[in-house]
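I opened my notebook today to look through one protein chain, step by step. Here is what I looked up, in the order I went.

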Amino acid sequence: MQGKVDICGVNTAKLKTLTQVEMDALLRRAKEGDKRAREELIEGNLRLVLSVIQRFDKRGESPDDLFQVGCIGLIKAIANFDPTKNVRFSTYGVPMIAGEVRRYLRDNSAIRVSRSIRDVAYKVLQCKESMTAKMDREPTLEEIAKELDIPREEVSQALDAVCAPVSLYDPVYDQGGDPLTVMDQVRDTKNTENAWMEHITLGNAFRQLGEREKQILSLRFYDGKTQMEVAGYLGISQAQVSRLEKGAIAAMRKSVSVS
């Protein structure tokens with residue numbers, strides 16, 4: 001998927017991005033019923049859809065299908081997002097898009113689950129989405145069980161039953177050598193969903209920075225250069241590098257923070 005340029009007839013290399021100011025304005029207009037603003041929001045967040053569906057590109061599904069399903073999740077996120085809350089749209093939208101893709105994969109799974117368990121699972125997933133929107137975080141199993149008045153074990157069982165199966169031998173990475181499989185990462189506690197979502201959120205925050213700030217952070221934390229080395233490379237003083245670096249980090253922290 002990563003090497004594919006056109007998905008559903010969309011040239012992914014030319015997708016536009018929106019600044020936070022543009023996002024805020026469009027979200028307010030869309031909430032007021034402005035259809036044009038809604039269309040611009042969809043077009044301006046297609047990169048977010050792409051970043052989410054890349055996590056599912058080893059499931060054997062068509063990238064075009066996943067992209068279309070992800071866009072449905074994006075549209076739902078735009079419709080349900082509350083711009084009055086101090087929450088970035090990407091923080092709210094990523095779980096909504098991922099949830100829509102999971103539902104699609106679950107409903108198209110080769111493994112059949114009994115109707116009774118599936119019905120409980122649908123109720124749990126709907127409750128989970130509703131509580132997430134209200135609480136600005138994912139509810140725990142205990143909170144969902146209390147809300148639905150069913151045992152916690154039944155909630156857990158229902159969710160497990162409708163999860164898309166993954167083979168331990170499915171390749172997750174292959175670049176000309178021996179492929180890295182799920183088996184190789186079973187004990188890797190760092191690859192959690194929260195870390196993945198945080199990575200997307202940080203990436204979005206980084207793209208909001210100016211070109212000079214991006215360059216300084218890349219040289220400092222990707223290339224491992226000192227502030228003096230960065231100053232020499234850019235032809236500015238070390239004090240300027242320090243000031244710009246601190247400002248960029250502060251801007252990213254503010255961008256990803258929620259209340």
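This is a predicted model: local features need pLDDT of at least 70, side-chain atom pairs count only at pLDDT 80 or more; totals for chains, interfaces and linings use all residues.

**Entry 1: the overall count.** How many helices and strands does the chain have? I found 12 helices and 4 strands. Next I looked up burial, and buried residues make up 35% of the 259 residues in the chain. I also checked contacts with a separation of 6 or more, and 58% of them join residues 24 or more positions apart.

**Entry 2: the largest core.** Which residues have the most contacts inside the largest nonpolar core? I wrote down L41, L74 and F89, in a core of 34 residues. Then I looked up where this core comes from: α1 (20-31), α2 (35-44), α3 (46-53), α4 (63-80) and α5 (89-107) each supply at least two of its residues. The largest share, 9 residues, comes from α5.

**Entry 3: a closer look at F89.** I set aside residues up to four places away in sequence and listed what F89 touches. My list reads M23, L27, N45, L48, L74, A77, I78 and F81. I then found a second, separate core of 11 residues, and V120, L125, A145 and V155 are among them.

**Entry 4: two helices packing.** I learned that two packed helices are described by the angle between their axes and the distance between the axes. For α2 and α4, I read an angle of about 135° and axes 10 Å apart. The angle therefore makes α2 oblique to α4. I noted that their crossing is right-handed. Which residues make the contact? On the α2 side I found R38, L41 and I42, and on the α4 side L74, I75 and I78.

**Entry 5: E40.** I stayed in helix α2 and picked out E40. Is E40 buried or exposed? I put E40 down as buried, because its relative accessible area is 19% and the cut-off for buried is under 20%. Leaving aside neighbours within four places in sequence, I saw E40 in contact with K16, L18, L26 and R29.

**Entry 6: cysteines.** How many disulfides does a search of the whole structure find? I got 0. C71 has 15% relative accessibility, so I marked C71 as buried. C127 is at 8%, so C127 counts as buried too.

How values were computed: Residues are numbered from 1 along each chain as its sequence is written. Side-chain values use heavy atoms; hydrogens and water are left out. A nonpolar core is a set of buried Ala, Val, Leu, Ile, Met, Phe, Trp, Tyr and Cys residues joined through side-chain atoms within 4.5 Å. Buried means under 20% relative accessible area, exposed over 50%, partly exposed in between (1.4 Å probe, protein chains only). Contact means heavy atoms within 4.5 Å. A disulfide is a pair of cysteine sulfur atoms within 2.5 Å. Axes are lines fitted to C-alpha atoms, for helices over the stretch in contact, and angles run from 0 to 180 degrees between N-to-C directions. Angles under 35 degrees count as roughly parallel, over 145 as roughly antiparallel, 65 to 115 as roughly perpendicular and the rest as oblique. A crossing is left-handed if the near helix is turned anticlockwise from the far one by less than a right angle, and right-handed if clockwise.
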